[in-house]
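User: Hi! I've got a structure here that I'd like to talk through with you. Could you help me get my bearings?

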Amino acid sequence: MKTLLNIIWLVLSGFWLFLGYVLAGVICCVLIVTIPWGIASFRIANYVLWPFGRQVVQKPTAGVFSFIGNVIWFLVAGLWLAIGHVVSGVALAITIIGIPLAIADFKLIPVSLAPLGKEIVPTSGSGIVAPRTA
């Protein structure tokens, strides 16, 4: 079921959101000073391309620098990416088959607004976060 949802997501919304994150990452990397935000953008672009079966969790080591970085990210790219998620989520919610995809799209809004201090981990079948390996 996750694979089917990912394929439908990729066709209807995922590819275009992926391009938005890649564009934000390229712009951040070109500006040199904002390379850490570019790397975070590329990481989220990978997640947005194939989101079902993975989830975003808070890093336990995230601190004040993540908060400051997220404020800068919000001003540079986060707001625009969140608007993209809202628009595509509303468009997906129009059809019955798109409702689960719209819910996933709306769940990505907090990540698009504040990506630093979070990590993407696979989920197990029960929805519980799978243990990380070193």
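Analyst: Happy to! Keep in mind that this is a predicted model. A place to start is the largest pocket, which has a volume of about 470 Å³.

User: Nice. Which residues lie nearest the centre of the largest pocket?

Analyst: Those are Tyr-47, Pro-51, Arg-54, Gln-55 and Lys-107, out of a lining of 21 residues.

User: And which elements each supply at least two residues of that lining?

Analyst: Helix α1 (2-30), strand β1 (54-58), and the helices α4 (99-107) and α5 (109-113) do. The largest share comes from α4, with four residues.

User: What's the lining like by class?

Analyst: There are eleven nonpolar residues in it, along with six polar and four charged ones.

User: Switching to rings: how many aromatic pairs are there?

Analyst: The count comes to three. One of them joins Trp-9 and Phe-52: the ring centres are 6.4 Å apart and the planes stand at 85°, over the 60 degrees cut-off, so this pair is edge-to-face.

User: Where do Trp-9 and Phe-52 sit in the chain?

Analyst: In distant parts of it, 43 residues apart: Trp-9 belongs to helix α1, while Phe-52 is in the loop between α2 (35-49) and β1.

User: Are those two buried or exposed?

Analyst: Trp-9 is buried, at 0% relative accessible area. Phe-52 has 17%, and because buried means under 20%, Phe-52 counts as buried too.

User: Okay, what about Phe-15 and Trp-16?

Analyst: They form an edge-to-face aromatic pair, 5.2 Å from centre to centre with 75° between the planes. Phe-15 is partly exposed at 35% relative accessible area, whereas Trp-16 is exposed at 59%. Ring pairs also bring in Phe-18, giving a cluster of Phe-15, Trp-16 and Phe-18.

User: Let's zoom out. How many helices and strands does the protein have?

Analyst: Five helices and two strands, and along the sequence they run α-α-β-α-α-α-β.

Notes. Residues are numbered from 1 along each chain as its sequence is written. This is a predicted model: local features need pLDDT of at least 70, side-chain atom pairs count only at pLDDT 80 or more; totals for chains, interfaces and linings use all residues. Side-chain values use heavy atoms; hydrogens and water are left out. On a 1 Å grid over the protein atoms alone, a cavity is a set of points where a 1.4 Å probe fits but cannot get out, and a pocket is an open set with protein on both sides within 12 Å along at least five of seven lines; lining residues have an atom within 4 Å of a point. Grid points are joined across faces, edges and corners, and a volume is the space filled by probe spheres set on the points. Ala, Val, Leu, Ile, Met, Phe, Trp, Tyr, Cys and Pro count as nonpolar, Asp, Glu, Lys and Arg as charged, and the others, Gly among them, as polar. Rings of Phe, Tyr and Trp (its six-membered ring) pair if their centres lie within 6.5 Å; planes under 30 degrees apart count as stacked, over 60 as edge-to-face and the rest as tilted. Buried means under 20% relative accessible area, exposed over 50%, partly exposed in between (1.4 Å probe, protein chains only).
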